[in-house]
Amino acid sequence: MPANSYEKPDFWSQKAFKEGYPARSVYKLQEIDEKFGFIKKNYTVLDLGSAPGSWTTFLLRKMDGTGKVVSCDLNPLSKDVRGDNLLFLQGDLNSKDIREKIKAEGPFDLVVCDAAPPTTGNRTVDTARSEGLVDMAIWYAQTMLKPGGNFCVKIFQSGGQQNELKKMREIFTTAKGFKPEACRKESFETYLIGINKKIG
């Protein structure tokens, strides 16, 4: 893989720029929504690890001024990401303070997480870090989703993917993997989808 392959704007990056999104990752959420019908008007949605804000922007556009988007990241959103129905919280998703602030805004109809860990180039280390983020996102989904709510989270593909799906099947009626076409061909990221949170 050429060292600069991630630096060269591809079709999705150029499309994101033209359509006013901070990053190409928006089209992954768009594909997920088209396939599973996740985003509806008047929803209360939680976007975990949201900076620079492409998924938050897509959620706001799709909901068209209705409902509420609660967005959280260690880093700030791009300055153009704004909405009357947007609440952005900057902080550590594992901190008690942030968890309490987010919980006060719920419960949620949908929890999404496109967070990725800082990568080292060591696939074992990177996948382990990714699974840690997935566990964090699953905790939020289990704790703060309404019964019947849905969930999606990014994960770096590895043997641990099946363990995460097993955990999700305890929480959701259906749990499965899904790799959007907008993922880079050389990327080993995919998404785990949880549909219809069980009662209790």
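## A pair of strands

Strand S5 (residues 145–156) and strand S7 (residues 189–197) pair in the antiparallel sense over six bridges, where two strands count as paired if DSSP finds at least two bridges between them, and where strands (E, at least two residues) and helices (H or I, at least four residues) are DSSP runs numbered from the N terminus. Within this pairing, cysteine 152 stands opposite isoleucine 193 in S7.

This is a predicted model, in which local features need pLDDT of at least 70 and side-chain atom pairs count only at pLDDT 80 or more, while totals for chains, interfaces and linings use all residues. Residues are numbered from 1 along each chain as its sequence is written, and side-chain values use heavy atoms, with hydrogens and water left out.

## The sheet

The open sheet has seven strands in the order S3-S2-S1-S4-S5-S7-S6, with mixed pairing. Strand S3 (86–90) and strand S6 (172–178) stand at the edges with a single partner strand each, so one side of each is left without a neighbour in the sheet.

## Helices on the sheet

Helix H3 lies across strand S1 (44–48), strand S2 (68–73), S3, strand S4 (108–113), S5 and S7, and runs at about 180 degrees to S2; contact means heavy atoms within 4.5 Å, and angles run from 0 to 180 degrees between N-to-C directions of axes, which are lines fitted to C-alpha atoms, for helices over the stretch in contact. Helix H6 (residues 161–171) also packs on the sheet, touching S5, S6 and S7, and its direction makes about 155 degrees with that of S6.

## Helix H3

In H3 (residues 54–63), eight of the 10 residues are buried, that is, under 20% relative accessible area with a 1.4 Å probe and protein chains only; among them are Trp55, Phe58, Leu59 and Met63.

Methods
Buried means under 20% relative accessible area, exposed over 50%, partly exposed in between (1.4 Å probe, protein chains only).
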